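Keep the sequence and the model open side by side while you read.

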Amino acid sequence: MLGPLTLLLGLLPIHLVLGQVPQELFSPLIPQKVLAAYRASSNLQWPQYTDNAGRWLYFPPRTWTSGFFPATLYELNKRRSICGVTDANQLGTADWLALGRSNSRGLPLDAGGVGHDVGFISFPFVEELTINPSNQTARSSINSLATALANRFDARVGCTRSWDASDPTDFQVIIDNMMNLELLFVSANLTGNQRLRDIAITHAKTTMNNHIRRDGSTWHVVHYNQTNGRVTRKRTAQGYSDDSTWSRGQAWGIYGFANMFRLTRDAAFLRTSQRMARWFVNNLPQDGIVPWDFNAPLNPAPRPADSSAATLVSNALLLLSSLEPDPTLKREWADAAIRILQQITRLAWRPQWQSLLSNGTVNRPANNQLTGIVYGDYYYIKVANELVLNNIVTCDGKWT
Ligand SMILES: *[C@@H]1O[C@H](CO)[C@@H](O)[C@H](O)[C@H]1NC(C)=O
Ligand SMILES: *[C@@H]1O[C@H](CO)[C@@H](O)[C@H](O)[C@H]1NC(C)=O
Ligand SMILES: *[C@@H]1O[C@H](CO)[C@@H](O)[C@H](O)[C@H]1NC(C)=O
Ligand SMILES: *[C@@H]1O[C@H](CO)[C@@H](O)[C@H](O)[C@H]1NC(C)=O
């Protein structure tokens with residue numbers, strides 16, 4: 001909490017508190033590995049996670065993760081435009097924008113087979129519009145994905161549906177879906193359809209009311225009865241137990257509510273992101289390594305980490321920091337983001353693997369862990385760009 005120590009640390013220069021920026025964030029191995037994965041991908045196959053030896057496995061378009069690799073290529077294009085090309089960064093080896101555009105072709109544009117996870121698939125299209133707002137392919141892709149998501153909304157429940165169940169009145173919503181909502185705002189902007197914006201706000205408010213425990217931790221899945229909108233059950237799908245906190249879910253929530261505050265300026269969303277961030281930071285183990293689930297047993301050791309939750313939450317904390325009106329908290333969230341990056345880099349940076357990082361947990365109940373993960377690497381690259389854009393770190397990996 002906000003003790004005298006926190007206040008004192010907030011006054012000290014950042015390098016005295018935190019030491020070095022992880023140099024790996026700007027390593028030339030990043031463009032090298034991303035380019036190799038691009039070249040290895042055959043037609044209409046996208047990397048999702050690696051085997052336990054660090055070799056990428058490739059998946060067909062109708063997979064929720066297909067948008068992350070093209071979005072990674074757009075992030076390297078962004079890095080090239082903010083940092084330029086140097087011998088040290090090796091960003092001159094490809095036209096990242098051309099690769100991102102070509103790799104976006106063939107992504108699914110409706111909910112068939114991908115269901116609710118359309119927000120992630122839209123990432124490269126949203127990036128494309130920041131470069132070329134009149135790209136018609138990107139515009140129409142965003143609009144059809146947003147329409148598919150809006151069709152999963154139910155007004156009695158006040159949410160978009162996640163997984164389809166055999167009983168249609170069994171309406172399941174996962175915390176991850178907070179990440180879908182920006183897509184609705186972007187499409188509302190393009191089409192003028194304000195209903196999309198209203199759906200996003202309603203979904204966020206319902207989630208705020210039902211997914212978050214009093215202490216700021218989260219349930220992964222909430223079931224509603226679609227007939228009357230009542231909550232019927234709260235449980236986990238990918239976490240350790242129904243009462244535990246799955247770290248990636250908690251991180252999706254911190255990011256999602258901070259982003260909702262950015263998009264609406266509704267202070268209730270800011271407070272929700274802050275409460276969830278406070279819980280995350282206060283519950284990190286001593287070693288600062290993000291576990292796959294905060295309540296998973298420590299024995300047998302080592303309890304698997306989740307490097308993807310670590311890189312995701314770093315982005316979430318940095319986004320929250322950038323929006324934070326309170327200067328002490330602003331500094332605290334950014335410091336926490338960097339400390340988590342230092343620890344995960346130390347544990348999981350793997351020069352010999354095809355992915356940047358190891359120690360990802362895709363799905364522990366399904367026994368899929370100790371892998372590289374495409375969204376873990378994506379958020380590792382993105383957070384370094386954000387550290388530069390927020391004027392915290394230079395492209396040489398030094399404090400500003
Ligand atoms: C427009 O965007 C799409 C999807 O992002 C991309 O595949 C295409 O190459 C872009 N078109 C142009 C002319 O840049
Ligand atoms: C939802 O409520 C209706 C009416 O009370 C009931 O018939 C139905 O079985 C319930 N569904 C679930 C999934 O609980
Ligand atoms: C909506 O459009 C406005 C005006 O062009 C822009 O400033 C804003 O960033 C857009 N929002 C989204 C979510 O795309
Ligand atoms: C990290 O990954 C390595 C290599 O897969 C593994 O040996 C180690 O036990 C993992 N550590 C944690 C905390 O998951």
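1. One term to start with: a polar contact is a pair of N or O atoms within 3.5 Å; within protein, one must be able to donate a hydrogen and the other to accept it, and residues adjacent in sequence count only if both atoms are side-chain atoms. With that in hand, go to ligand 1, where a polar side-chain atom of asparagine 135 lies 2.3 Å from an oxygen atom of the ligand. Taken alone, ligand 1 exposes 360 Å², and the protein buries 74% of that; such areas come from the Shrake-Rupley method with a 1.4 Å probe, and for residues only the protein chains shown count as cover.

2. Some housekeeping. This is a predicted model, in which local features need pLDDT of at least 70 and side-chain atom pairs count only at pLDDT 80 or more, while totals for chains, interfaces and linings use all residues. Residues are numbered from 1 along each chain as its sequence is written, chains are lettered from A and ligands numbered from 1 in the order in which they are written, and side-chain values use heavy atoms, with hydrogens and water left out.

3. Back to ligand 1. Which residues surround it? They are Tyr74, Arg101, Ser104, Arg105, Phe125, Glu128 and Asn135, where being near means having a heavy atom within 4 Å of the molecule. Arginine 101 brings a polar backbone atom to 3.0 Å from a ligand oxygen, and an N or O atom in the side chain of arginine 105 is 3.3 Å from an oxygen of ligand 1. Helix H5 (96-104) and helix H6 (118-131) each supply at least two residues of this shell; helices here are DSSP runs (H or I, at least four residues), numbered from the N terminus. By class, the shell has two nonpolar, two polar and three charged residues. The classes are: Ala, Val, Leu, Ile, Met, Phe, Trp, Tyr, Cys and Pro nonpolar; Asp, Glu, Lys and Arg charged; the others, Gly among them, polar.

4. While you're between H5 and H6, look for histidine 116 in the loop there. Histidine 116 counts as buried because its relative accessibility is 3%; buried means under 20% relative accessible area, exposed over 50%, and partly exposed in between (1.4 Å probe, protein chains only). A 3.3 Å polar contact joins its side chain to that of aspartate 117.

5. Next, ligand 2, with Asp167, Thr169, Asp170, Asn225 and Thr227 around it. Of what it exposes taken alone, 360 Å², the protein buries 45%. Asparagine 225 has a polar side-chain atom 2.2 Å from an oxygen of ligand 2, and threonine 169 has one 3.0 Å from a nitrogen of ligand 2. How does this shell divide by class? There are no nonpolar residues, three polar and two charged.

6. Ligand 3 sits among Phe185, Val186, Asn189 and Leu263. The protein buries 34% of the 360 Å² that ligand 3 exposes taken alone. Helix H8 (residues 181-191) gives the most to this shell, with three residues. Asparagine 189 places a polar side-chain atom 2.3 Å from an oxygen of ligand 3. The shell has three nonpolar residues, one polar and no charged.

7. On to the disulfide, meaning a pair of cysteine sulfur atoms within 2.5 Å. A search of the whole structure finds one: cysteine 83 with cysteine 395, their sulfurs 1.9 Å apart. The pair links distant parts of the chain, 312 residues apart, with cysteine 83 in helix H4 (residues 68-83) and cysteine 395 in the segment after helix H14 (374-389). The link is left-handed, with -75° about the S-S bond. Is cysteine 83 buried or exposed? Cysteine 83 is buried at 18% relative accessible area, whereas cysteine 395 is partly exposed at 24%.

8. Last, two helices. H9 (residues 194-210) has 17 residues and reaches 25 Å from first C-alpha to last, close to the 24 Å expected at 1.5 Å a residue; the expected span is 1.5 Å times one less than the number of residues. At its start, a side-chain oxygen of asparagine 193 comes within 3.0 Å of the backbone nitrogen of arginine 195. In H12 (residues 307-323), 16 of the 17 residues are buried, so this helix is largely enclosed by the rest of the structure.
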